[in-house]
Every structure is written in C-alpha cells, then in structure tokens.
Amino acid sequence: MDNSKLIKALEEHRDSLDVAEADLSWAVYGIAEVIYKVNALKEKLEKQGVDGIHFENLQTYLSMHHYLMQGRLDYIKDEA
C-alpha cells in the first residue's frame with residue numbers, strides 16, 4: 001500500500017472514530033435523560049400510592065444500556 005492510500009485509510013478511520021464518538025456521546029446523554037425522567041415519574045407516582053416496583057425492570061434495562069454505551073464511548077475516546 002503506497003503512502004497516499006495509507007494516509008487516506010487513516011483519515012477515514014479517524015473520521016469514523018469521530019462520528020462514533022459523537023453518536024455514542026448523544027446516546028449516553030439521551031439514556032441518562034430517560035433515566036432521570038423515569039426516576040422523577042416513579043417518585044411522583046409513589047407519592048400518589050403507586051408501587052415503584054413497576055419501574056424496576058425499566059430502570060435496570062436503562063442502566064444496563066447506559067453502562068454499555070458509556071463503556072463503548074470510553075473505548076472510542078481511548079482509540080481516538
């Protein structure tokens with residue numbers, strides 16, 4: 001592979017890392033917002049007598065995805 005092709009490949013790789021980092025950053029932010037809003041809704045409904053256990057599966061699911069996306073974002077940042 002000559003230098004110009006190598007440089008182009010490295011530039012494309014760098015571009016893909018930048019896009020991945022931006023996308024994952026937005027995903028982490030979005031999931032964090034949903035977690036915050038679900039927690040606020042849970043607290044509000046608990047004050048009205050609704051058992052908060054109805055939210056636990058959703059909270060667990062959201063937390064898992066937040067953890068996964070944060071891990072991927074950290075990995076991409078280390079690669080970049």
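Tutor: Let us begin with helices, which are DSSP runs of H or I with at least four residues, numbered from the N terminus. Gln 59 lies in one of these, helix H2. The model is a predicted one, in which local features need pLDDT of at least 70 and side-chain atom pairs count only at pLDDT 80 or more, while totals for chains, interfaces and linings use all residues. Residues are numbered from 1 along each chain as its sequence is written, and side-chain values use heavy atoms, with hydrogens and water left out.

Student: Why is Gln 59 called buried?

Tutor: Buried means under 20% relative accessible area, exposed means over 50%, and partly exposed is in between, with a 1.4 Å probe and protein chains only. Gln 59 has 18% relative accessibility, so it counts as buried.

Student: What is Gln 59 in contact with, leaving aside its neighbours within four places in sequence?

Tutor: Contact means heavy atoms within 4.5 Å, and with those neighbours left aside Gln 59 touches Val 38, Asn 39 and Lys 42. The side chains of Gln 59 and Lys 42 are also joined by a polar contact of 3.4 Å; such a contact is a pair of N or O atoms within 3.5 Å, where within protein one must be able to donate a hydrogen and the other to accept it, and residues adjacent in sequence count only if both atoms are side-chain atoms.

Student: Which residues in H2 are buried, and what covers them?

Tutor: The buried residues in H2 are Gln 59, Leu 62, Met 69, Leu 73 and Ile 76, and their cover includes helix H1, residues 3-47.

Student: Is Val 28 buried or exposed?

Tutor: Val 28 has its place in helix H1, and because its relative accessibility is 9%, it counts as buried. Leaving aside neighbours within four places in sequence, Val 28 is in contact with His 66, Met 69, Gln 70 and Leu 73.

Student: What makes Tyr 61 partly exposed?

Tutor: Tyr 61 is found in helix H2, residues 56-79, and its relative accessibility is 48%, which means that it counts as partly exposed.

Student: How do you know that the span of H2 agrees with its 24 residues?

Tutor: The expected span of a helix is 1.5 Å times one less than its number of residues. For the 24 residues of H2 this should give 34 Å, and the end C-alpha atoms are 35 Å apart, so the two agree.

Definitions and conventions:
Helices (H or I, at least four residues) and strands (E, at least two) are DSSP runs, numbered from the N terminus.
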